[in-house]
Amino acid sequence: MISDDNEAKGKGGVMADNFNYISFGNVDLVDGVAQVGMSRGRMFEYTPTELANGLESLGDEALAFLMTLPTFLCSEVSGAKGGATMHVRFGRLVNARADRREIVADFEPIVEFGDVTFSDVNDATEAFQADGFQLYRTHWAVREGEAKPILEALAKRKPELVQEVSALLAAEQIAPAAPPPERKKNIIATIDNVEGFLAALQGLPLLNNTEIFYRGHEDANFELTPSVLRKWPDGSWQYLPSEDRLNKELLIAHYEEFQSDQYCFDSLVRMQHFGLPTRLLDISSNPLIALFFACYGKQESMDIPGEVIIFGVPEVKIKYYDADTVSCLSNLSNLSYEQKDEIDLALDVDAFNESEVAGKLLHHIKSEKGFFEPRIDPDHLGSIICVKAKHTNNRIKPQSGAFLLYGHGAMLPDTGQDGLEISRITVTGKQIILDQLDALNINATTVYPSIEQTAEHVKARYRRAPTNH
């Protein structure tokens, strides 16, 4: 049915260019509720990357934008012989607010579709213009396109609502008053040589009880996201559904390489070294190493501005490789995708530790720390921590390496969070900077100390240009 206070008010509706799609596995979180809440870790799956980048901070501007969008509140699809069903509501959000764990908003219904029956799951995916996997996920997406064709498709499957939906679509709808928020970066300088880079660093204020780390991106548009948590442009995961299998396959194939690793974190560092997607993000205590990475890359990227990201990390938030919190976050990589789906960070400590998935995580932690107290703090489990690793491979030491370790559903806004401050320097003139760094003995040979890389560097250095006759 259509709510009385949302009857048609005009002619020729204007629909928004985006809409919220909110889905829960438990239909009780959909049917008749006046409020919806979603873990931040489930936000913006299946959301175009560029759009998600501007929204992930969930600041006032982002929340205001979400409240302008038409919203589908649905249960996950339930398939059975002879059909598939979903409980579907259409409405709007008001009074949205967010904390470090979740976003909560009041839901005002406009059309109550109730239980909608489809001929099969493919029919449901066609109606919602989504892939089937999305309909099985508890998540909050901001989808591109108008809600109109979905409303029309649902009305066809609920003939008793055709007239009401037609009236709604003919009415004047409110489109967003402004485009989605853009990425907000704290850019302190743009430089094109080493001298300018060092001068920009010297201009930064000194912070007490804070350690500074750096990271270089050859493309300033790159995100602060570990490889296993990266998404395709449409917002779907590239690697996360297979994280545990990725790790196991490499361990099986090269078990001897990992024999000396005492902790799961040690293994993740080694996997990162070999190029496997992990939940680690490399950072360095040496700014010139970061500057090298901001300039070094494929030839076609030499004219694209790079970036050095500067992290101010409070000393109390820096962990070492053997810390309990590090073990908890690292061992998330051993859980299957389905097990990760069971994690509810909104639970209090006691309730979380009574859950089945906490027991499975504890099993992995105790395999490396038999003395570990069986009490996992869900607040820590969703955090991002800075970790200093053992210098066990030939890259970490020359790169002055440390890591940001991402917890369950963790996202790092461009402006930082939880005391971690972020600023940036845009880098141009890459070849000039690489030549200057080479004079300081910072080059591919010293940063990647392997015989193969040394051979490549020497070959490039002594290769002669063709002779023109």
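Modeller: The account below begins with strand β3 and then turns to other parts of the protein.

The model is a predicted one.

Two partners of β3 can be described. One is strand β1, residues 18–24, which runs parallel to β3 and is joined to it by 5 bridges. Within this pairing, serine 23 stands opposite cysteine 74 of β3. The other is β5, which pairs with β3 in the antiparallel sense over 4 bridges. Here phenylalanine 72 faces a residue of its own kind, standing opposite phenylalanine 90 in β5.

Is valine 94 buried, partly exposed or exposed? Its relative accessibility is 24%, and it therefore counts as partly exposed, since a residue must fall under 20% to be called buried. Leaving aside residues up to four places away in sequence, valine 94 touches Met67, Ala105, Asp106 and Glu108. For one of these, alanine 105, the separation from valine 94 is 11 residues in sequence and 6.0 Å in space, taken from C-alpha to C-alpha.

The wider setting comes next. The protein has 469 residues, and 50% of them count as buried. Its secondary structure consists of 17 helices and 16 strands. Among contacts between residues at least 6 apart in sequence, 76% join residues at least 24 apart. The accessible surface is about 22,500 Å², and carbon and sulfur atoms account for 50% of that area.

Strand β10, residues 280–284, is mostly covered, with 4 of its 5 residues buried. It pairs with strand β14, residues 401–406, in the antiparallel sense over 5 bridges. In this pairing, serine 284 stands opposite glycine 401 of β14.

Helix packing may be considered next. Two packed helices are described by the angle between their axes and the distance between the axes. Helix α4, residues 148–157, and helix α5, residues 162–170, pack at an angle of about 165°, with their axes 9 Å apart. That angle makes α4 roughly antiparallel to α5. The contact is formed by Lys148, Leu151, Glu152 and Ala155 from α4, together with Val162, Val165, Leu168 and Leu169 from α5. The crossing of these two helices, α4 and α5, is left-handed.

Helix α9, residues 287–295, packs against helix α15, residues 430–439, at an angle of about 140°, and their axes are 9 Å apart. The two helices are therefore oblique to each other, because only an angle over 145 degrees would count as roughly antiparallel. The crossing of α9 past α15 is left-handed. On the α9 side, Leu288, Leu291, Phe292, Ala294 and Cys295 take part, and they meet Lys430, Ile433, Leu434 and Leu437 of α15.

Another helix, α7, covers residues 243–253 and contains arginine 245. With a relative accessibility of 46%, arginine 245 counts as partly exposed. Arginine 245 and serine 336 are 91 residues apart in sequence, yet their C-alpha atoms are 8.0 Å apart in space.

Two loop residues complete the account. Most residues other than glycine have a negative phi. Glutamine 129, which is not a glycine, has a positive phi of about 50°. This glutamine 129 lies in the loop between α3 (121–128) and β7 (139–144). Asparagine 441 also has a positive phi, near 65°, and is likewise a residue other than glycine. The loop that holds asparagine 441 runs between α15 and α16 (444–447).

Methods: Residues are numbered from 1 along each chain as its sequence is written. This is a predicted model: local features need pLDDT of at least 70, side-chain atom pairs count only at pLDDT 80 or more; totals for chains, interfaces and linings use all residues. Side-chain values use heavy atoms; hydrogens and water are left out. Buried means under 20% relative accessible area, exposed over 50%, partly exposed in between (1.4 Å probe, protein chains only). Contact means heavy atoms within 4.5 Å. Accessible areas come from the Shrake-Rupley method with a 1.4 Å probe; for residues, only the protein chains shown count as cover. Two strands pair if DSSP finds at least two bridges between them. Axes are lines fitted to C-alpha atoms, for helices over the stretch in contact, and angles run from 0 to 180 degrees between N-to-C directions. Angles under 35 degrees count as roughly parallel, over 145 as roughly antiparallel, 65 to 115 as roughly perpendicular and the rest as oblique. A crossing is left-handed if the near helix is turned anticlockwise from the far one by less than a right angle, and right-handed if clockwise.
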